[in-house]
Structure formats: C-alpha cells, structure tokens
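We start with the whole chain, move to the boundary between its parts, and end with single residues.

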Amino acid sequence: MINENLIKEYWYDMIKIRSITGEEAKLAEYVADKLKGFGLEPKMSYYEGDEEKQSPSVYAVLDSGKPGPKLMFIGHIDTVKVANGWNTDPFTPTEDGDRTYGLGAMDMKGGLAAILATTKYYSENKDKFTGELVLAFVSDEENLSKGTYQLVNEGLSADMAIMAECRFDNMAIGFRGRYSIEVTVSGKAAHASHYPNVGENALISGSKLAIAIEELPTIIHPTLGGGTWVVRSIEGGVKNALIVPEKCELFIDRYTVPGETYEVCEKQILEAAEKLGLAGKVDVRLKPRKSAYMEPFALEESHVLVQTVKETFKEVTGNEIRIEFDKSVCDSNILANSLDIPTVTFGPSGGNMHGANEYGHIHQVLAATEIYIKTVSKLSK
C-alpha cells in the first residue's frame, strides 16, 4: 500500500528546500509540481500583502468521480527560522536510527510527505475511494496563518478535515481560543520629587490591575478545561525625565473555552479596574488584526472521523491513541470555526520543535501515511 522509499524521498526533498515563513515559494512550487504529476490542477493562493509572491499556499482537489464525503488534508509548508546550535546542516536530512534531523523534519514536512503519498495513492486508485480529497498546503502558519485565512476567503470547504500537524501518539479534537488584549491605564503626571503627594503613578495602578487580571475567574469546560489570563507585557514611564508615569500599557493573552467571548473578557477587566478604584481610568481593546481571532472548539469523541482515525491507528500501530484537547491554538481552529468543518489534528511527530537539531521519526511518517490511506478508504464505505 505504501512505498517507503517514495515517502522518504518526498520528506527529504522538502527538508532540503528552505521554506522559512515568508519564503515558501520554492516549496510551494515543489508541491504543485508533484500534484500536477498526480494528474491534479493545483492553484496558487496569495494573501494580501505578499506583493512579491514569495509566500503562496497550494490548493487542489482529487475527485473520485463518485458521490461521497469531501475529506480535507491540510498542513503548513513554512518553518521557523534556523535556531543556533545545530550539529548538522538543517537543510540536509540526516538519518540516525529512526530519527531524521533537519529543519521542518518534525514541524511539519513529515506530515506533508504523508499527504503527498496519500494523494498519489488515490490518484492511481480512484476506484478505492468515493467523494473528494481536498489538499491544502498553507503558508504563514508560524506567523499569523494568513495562508489559511486567504483560502477561507477563496471558498475552501470540506465535510471533514485532518490537520497533519506533528502529534503522533495523540489526536487533538479540540483547541482553546485566544485573544490578544491591550489595556491602557491612565494616571496623572507630576514632577517626581513631589510624588506621592502630587501625581498618580500609572505603573503602580497598572501593576495592581495586572495582578487582579490574572486572578479573574474563567469558565471550566468539560473537555478543554479552563481558560487562562496571561499578562505578557507591562510598559510605561520615562527613564530620562523626572516625571511620574501617566500611562501604563498592558498586553494580555486570553486563552478561552466555549462560552467566553471578547465582550465577556473586556467586562471582567473593567469590573476589576472599578474594584481597584480605577473606574474611568482604564481603556480595554482587542488588538487590531486583519484576520479573525481563533475561537475555541471541541469535537465530540463519537464523531465518525475521530472514531475512524482512532480505529485505524490501532490497526496500523497496535496501540491505542490518546484523545486530547489542546490548550493552545492552531489552524484547526480556523477550519472548525470559520468553515464549520469537523477537524482532527494528527500527524507524524519527533523532537526539538522550533529549536536546534529538530528531528522527525521515520516510522511515524510511514505509519501516518498508512493511517491516512486507510482512513480515506473507511470513510468511503
């Protein structure tokens, strides 16, 4: 069913191609050429701001010619920058037992290789599946997910989706959401020598509010757990002038679960400010961004896609796969919320993600490919 040498060829070819976020064009061309070789008609997608067309996503559909489910396989083609401390050339796949070292070997060119191999298999065996396979190879995931958002704008759709991200011994079927919140606390400037009798120190008020924010309650979801508040930055004051700080800026990450909207979060902050005597002195706003914020979701474990992947994983590996609900966010949030596509996140993994000496496991890339192929077959019945 699977050609191990061909799968490794795809994987290693892609590791050799530099595709740091914003520089994905060469890898996109490689993927598009492979899809053309499978008889597909891939389309390049460019997000607003990519004027030099260096960060495309690639999209294609493999149609069986028969009625059936529309299953998407999706993964990102970009990597982070090269970290310091590599023992090997990050763009030269280096095998060491079951490990292959290289930038993107784990995150997530092994998953991309599994998608390509699955696509090739079914392009040659259209009689063995029904419906359509939607293939999406997206850019900018390590930044703002502009590649996926652009495909959403262009009409990306499916009945179900497998995000081939690097998590092999577990399958995520839910993710928390996330807001970036900016808070400005106002004080009253004065000459520093007259303080505290004159002036109101915004840094002190902001610090008190920061502590209160991190103690605010959150909803507890039965599978995703609770939301969280993280004050990531506090700034204000002038170092080279004797002035009592009149402004303090807080930057907050708010991880959410279903039922927690931005409006609820803003109200909580303002109520905390009022309790501290800061009513009318605090401005709260969602950090502006062109793309929508990622909202939380949780797929039912009984969903046919979850059960099919779970069953197939055991069939291929002999082990049970853990079902997890992730505390962070990823492009799966976009599919589940912006497009209402039931999405599971599962793919070959490894170690040292985003760091020096990143590696992927060879056996996992091969097994993931087999799992993907068998999952398509089972969903076609």
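Begin with the whole protein chain in a cartoon view, bearing in mind that this is a predicted model. The chain carries nine helices and 19 strands, and its C-alpha atoms fill a box of roughly 80 × 45 × 40 Å when this is taken along the principal axes. If you colour by accessibility, 54% of the 381 residues count as buried. Among contacts between residues at least 6 apart in sequence, 80% join residues at least 24 apart.

Next, colour by domain. The domain assignment gives domain 1 as 4-175 + 296-380 and domain 2 as 177-286, and the C-alpha centres of domain 1 and domain 2 lie 39 Å apart. The contact takes 11 residues from domain 1 and 10 residues from domain 2.

Now show the surface where the two domains touch. Domain 1 and domain 2 bury about 730 Å² between them, with 69% of that area on carbon and sulfur atoms. Select Pro296, Phe325 and Lys327, which supply 60% of the area that domain 1 buries against domain 2, more than any other three residues. By class, the side of domain 1 that touches domain 2 has six nonpolar, three polar and two charged residues. A search for salt bridges between domain 1 and domain 2 gives a count of zero, while one residue pair, both at pLDDT 80 or more, is in polar contact across the interface.

From there, select Ser57, which is found in strand E2 (residues 57-63). Is Ser57 buried or exposed? Its relative accessible area is 0%, and because buried means under 20%, Ser57 counts as buried. With the neighbours displayed, Ser57 touches Lys43, Met44, Ser45, Phe137, Val138, Ser139, Gly147 and Leu151, leaving aside residues up to four places away in sequence. Draw a distance from the side chain of Ser57 to the backbone nitrogen of Ser139, which the side chain reaches at 3.0 Å.

The remaining stops concern backbone geometry.

Select Lys53 in the loop between strand E1 (43-45) and E2. Lys53 has a positive phi of about 55 degrees although it is not a glycine, and at 46% relative accessibility Lys53 counts as partly exposed. Then go to Asp340, placed in the loop between helix H8 (331-338) and strand E17 (343-347). Asp340 likewise has a positive phi of about 55 degrees without being a glycine, and Asp340 is exposed, with a relative accessible area of 65%.

Finally, turn to two peptide bonds. The bond from Asp107 to Met108 is cis, with omega near -5 degrees, and Met108 has its place in the loop between strand E5 (99-101) and helix H3 (109-123). The bond from Tyr195 to Pro196 is also cis, with omega near 15 degrees, and Pro196 lies in the loop between strand E9 (177-186) and helix H5 (202-214).

Technical notes:
Residues are numbered from 1 along each chain as its sequence is written. This is a predicted model: local features need pLDDT of at least 70, side-chain atom pairs count only at pLDDT 80 or more; totals for chains, interfaces and linings use all residues. Side-chain values use heavy atoms; hydrogens and water are left out. Helices (H or I, at least four residues) and strands (E, at least two) are DSSP runs, numbered from the N terminus. Buried means under 20% relative accessible area, exposed over 50%, partly exposed in between (1.4 Å probe, protein chains only). A polar contact is a pair of N or O atoms within 3.5 Å; within protein, one must be able to donate a hydrogen and the other to accept it, and residues adjacent in sequence count only if both atoms are side-chain atoms. Contact means heavy atoms within 4.5 Å. Domain bounds come from an automatic or database domain assignment. Buried area is the accessible area (1.4 Å probe) that two parts lose on being put together, summed over both. A salt bridge is a side-chain nitrogen of Lys or Arg within 4 Å of a carboxyl oxygen of Asp or Glu. Ala, Val, Leu, Ile, Met, Phe, Trp, Tyr, Cys and Pro count as nonpolar, Asp, Glu, Lys and Arg as charged, and the others, Gly among them, as polar.
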